[in-house]
Amino acid sequence: MKPVQRVAVIVAPPVVSMFNVAIPEMLFPKAEVDGVPGYEVTACTPDPGPVTTTGGLDLYVPRGLDAVDDADIVIVAGTGSLEEPDPRILAAVRRAAADGKRIASICTGAFVLAEAGLLDGRAATTYWTYTRELGDRYPAVDLQDEVLYVQDGPFMTSSGYAAGIDLCLHIIRTDYGAAVANAVARLALVAPVRPGGQTQFTDTPLPPERGASFACTRAWAMRHLDEPLTLTDLARHAGVSVRTLSRRFHAETGISPLQWLLHQRVERARELLETTTLPMDRVARSSGLGTADSLRQHLLRKVGLTPSAYRSAFSRLTTTAAS
């Protein structure tokens with residue numbers, strides 16, 4: 001069994017986002033494998049004690065930056081102050097990088113990683129209102145200004161607010177598979193893992209007179225992933241034209257209906273590979289990917305593993321079916 005992963009969340013003074021600090025604490029402790037916790041989470045700061053939050057409240061952080069040295073994963077929470085990060089934090093994340101640890105940031109925490117030089121020549125992102133400032137201040141960063149989150153080697157950065165949830169779920173899925181990550185999402189009452197390449201924002205807001213969103217249609221599609229759903233099927237269920245569906249679906253989710261369907265089908269296939277011994281052709285049909293060859297192609301493109309290799313790595317069963 002994979003050893004418990006220790007997560008250190010750096011609370012960067014003088015002002016920190018309480019929501020950013022709460023995200024790892026909300027999600028990682030819910031990840032369990034065979035009833036055993038997958039993570040231990042510790043918040044830390046250079047000077048243990050109260051740290052002011054962007055909402056004006058004080059957050060008491062009892063642990064110092066020695067928690068970073070003990071951690072397997074380091075997450076820098078978003079800060080309300082982008083100028084001159086504490087040198088002790090910069091030193092801590094540089095040590096963590098030198099030790100080969102995974103290092104992530106939520107929202108404006110990317111400025112700390114960039115100041116430490118960890119993002120030079122690497123793909124990274126931050127909350128969209130700060131992307132220009134990040135790019136201007138750190139031109140060596142390969143800025144990805146529209147994605148929810150991005151991973152480049154051991155370094156991971158996310159955009160603002162809920163994208164931090166997506167990043168943490170991505171880490172859980174990487175460590176323990178799609179079934180565990182989606183179980184955490186359900187327990188936390190948040191959306192299942194979203195692809196990091198999904199856009200942060202949309203250019204066309206939904207007009208209020210358009211009525212209800214497509215949440216019901218997406219829920220219906222999730223119940224029928226094993227069927228050959230088309231844009232016409234989705235539009236018919238939503239009661240709109242295909243053109244309206246495509247435009248408004250992208251406005252709501254940041255991706256097209258067919259991209260969303262493919263992502264959900266690959267996620268369903270991953271869950272089936274982890275939690276059943278179904279043959280590959282059955283996994284493909286049950287997830288709507290059609291054939292075992294199609295399953296293989298999509299999984300290789302998504303995670304770099306064949307279905308049989310993925311099952312061997314992430315199966316929660318004592319025995320697995322042959323590929």
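These legends walk through several close-up views of a predicted model.

**View 1. The sheet of 6 strands.**
Let's begin with a sheet that is open and has 6 strands, arranged in the order β5-β1-β8-β9-β13-β12. Its pairing is mixed. Strands of a sheet pair through backbone hydrogen bonds, and the pairing can be either parallel or antiparallel. Which strands stand at the edges? They are β5 (39–44) and β12 (149–152), and because each has a single partner strand, one side of each is left without a neighbour in the sheet. On average, neighbouring strands of this sheet are turned by 15° against each other, direction ignored.

**View 2. Strands β8 and β9 side by side.**
Strand β8 covers residues 73–76 and strand β9 covers residues 102–105. The two run parallel and are joined by 4 bridges. To find one of these pairings, look for Ile 75, whose bridge partner in β9 is Ala 104.

**View 3. Two helices lying across the sheet.**
Helix α3, made of residues 87–98, lies across β1 (5–10), β8, β9 and β13 (155–158). Its direction makes an angle of about 140° with β9. Helix α6, made of residues 163–176, lies across β1, β5, β8, β9, β12 and β13. Compared with β13, helix α6 runs at about 150°.

**View 4. Helices α11 and α12 crossing.**
Now meet two helices that touch each other: α11 (residues 257–275) and α12 (residues 280–287). Their axes come within 8 Å and cross at roughly 140°. The two helices are therefore oblique to each other. The crossing of α11 with α12 is right-handed. Which residues of α11 meet α12? They are Arg 265, Arg 268, Ala 269, Leu 272 and Leu 273, and on the α12 side they meet Met 280, Val 283, Ser 286 and Ser 287.

How many bridges join β2 to β6? There are 2, and β2 runs parallel to β6, which spans residues 49–53. For a landmark, find Val 15, which stands opposite Thr 52 in β6.

Note on methods: Residues are numbered from 1 along each chain as its sequence is written. This is a predicted model: local features need pLDDT of at least 70, side-chain atom pairs count only at pLDDT 80 or more; totals for chains, interfaces and linings use all residues. Side-chain values use heavy atoms; hydrogens and water are left out. Two strands pair if DSSP finds at least two bridges between them. Axes are lines fitted to C-alpha atoms, for helices over the stretch in contact, and angles run from 0 to 180 degrees between N-to-C directions. Contact means heavy atoms within 4.5 Å. Angles under 35 degrees count as roughly parallel, over 145 as roughly antiparallel, 65 to 115 as roughly perpendicular and the rest as oblique. A crossing is left-handed if the near helix is turned anticlockwise from the far one by less than a right angle, and right-handed if clockwise.
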